[in-house]
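Here is a short briefing on one protein model. Look over the sequence and the structure first, then read on.

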Amino acid sequence: MEKRSPPGVHQSKGPVILELPLDRIRRPLMRTRANDPQKVKELMDSISEIGLQVPIDVLEVDGEYYGFSGCHRYEAHQQLGLPTIRCKVRRGTKETLRHHLR
């Protein structure tokens with residue numbers, strides 16, 4: 001069965017900005033790094049006050065979303081209990097995904 005992008009994601013070559021549920025974003029490198037708790041706290045304060053200013057980068061491969069950057073922003077959203085996060089989504093291939101996992 002073919003996986004399709006969610007409504008609002010245009011099948012273009014450039015990245016698109018959209019809100020994704022946190023639980024749809026896989027974080028394959030999460031175990032390899034620790035976030036700075038002070039930076040997460042500062043981001044939580046900022047996001048609560050003015051919202052997220054810079055979307056996180058997400059790679060979409062075959063309908064699955066992978067986040068490799070924006071770790072502090074992602075954790076701040078988690079700790080705030082926010083269900084979604086604004087993402088800059090670009091489409092990639094399985095080869096692109098393998099490259100990110102190296």
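What share of the 102 residues of the protein counts as buried? The share is 33%, where buried means under 20% relative accessible area, exposed over 50% and partly exposed in between, with a 1.4 Å probe and protein chains only. This is a predicted model: local features need pLDDT of at least 70, side-chain atom pairs count only at pLDDT 80 or more, and totals for chains, interfaces and linings use all residues. Residues are numbered from 1 along each chain as its sequence is written, and side-chain values use heavy atoms, leaving out hydrogens and water.

**Layout**
- The protein has three helices and five strands. Both are DSSP runs numbered from the N terminus: helices are H or I with at least four residues, strands are E with at least two.
- From the N terminus on, the order is β-β-α-β-β-α-β-α.
- Among contacts with a separation of 6 or more, 82% join residues 24 or more positions apart. Contact means heavy atoms within 4.5 Å.

**Cores**
- The largest nonpolar core has 17 residues. Such a core is a set of buried Ala, Val, Leu, Ile, Met, Phe, Trp, Tyr and Cys residues joined through side-chain atoms within 4.5 Å.
- Leu20, Ile25, Ile56, Val58, Ile85, Cys87 and Val89 have the most contacts inside this core.
- Two or more residues come from each of β1 (16–21), α1 (37–50), β3 (56–61), α2 (71–80) and β5 (84–91).
- A second, separate core has five residues, including Leu59, Tyr66, Phe68 and Leu97.
- Not counting residues up to four places away in sequence, Leu20 touches Ile25, Val58, Tyr65, Pro83, Thr84, Ile85, Cys87 and Val89.

**Helices α1 and α2**
- α1 and α2 pack at an angle of about 65°, and their axes are 9 Å apart. Axes are lines fitted to C-alpha atoms, for helices over the stretch in contact, and angles run from 0 to 180 degrees between N-to-C directions.
- That angle makes α1 roughly perpendicular to α2. Angles of 65 to 115 degrees count as roughly perpendicular, under 35 as roughly parallel, over 145 as roughly antiparallel and the rest as oblique.
- Residues of α1, among them Leu43, Met44 and Ile47, meet residues of α2 that include His72, Ala76 and Leu80.
- In α2, Cys71, His72, Arg73, Tyr74, Ala76 and His77 are buried. The buried residues of α2 pack against β2 (25–26), α1, β3 and β5.

**Glu60**
- Glu60 lies in strand β3 and counts as buried because its relative accessibility is 3%.
- Its side chain reaches the backbone nitrogen of Gly63 at 2.5 Å.
- The side chains of Glu60 and Arg91 are joined by a polar contact of 2.8 Å. A polar contact is a pair of N or O atoms within 3.5 Å; within protein, one must be able to donate a hydrogen and the other to accept it, and residues adjacent in sequence count only if both atoms are side-chain atoms.

**His100**
- His100 is in helix α3 (residues 94–101). Its relative accessible area is 27%, so His100 is partly exposed.
- The side chains of His100 and Arg90 make a polar contact (2.9 Å).
- His100 and Pro28 are 72 residues apart in sequence, yet their C-alpha atoms are 9.6 Å apart.
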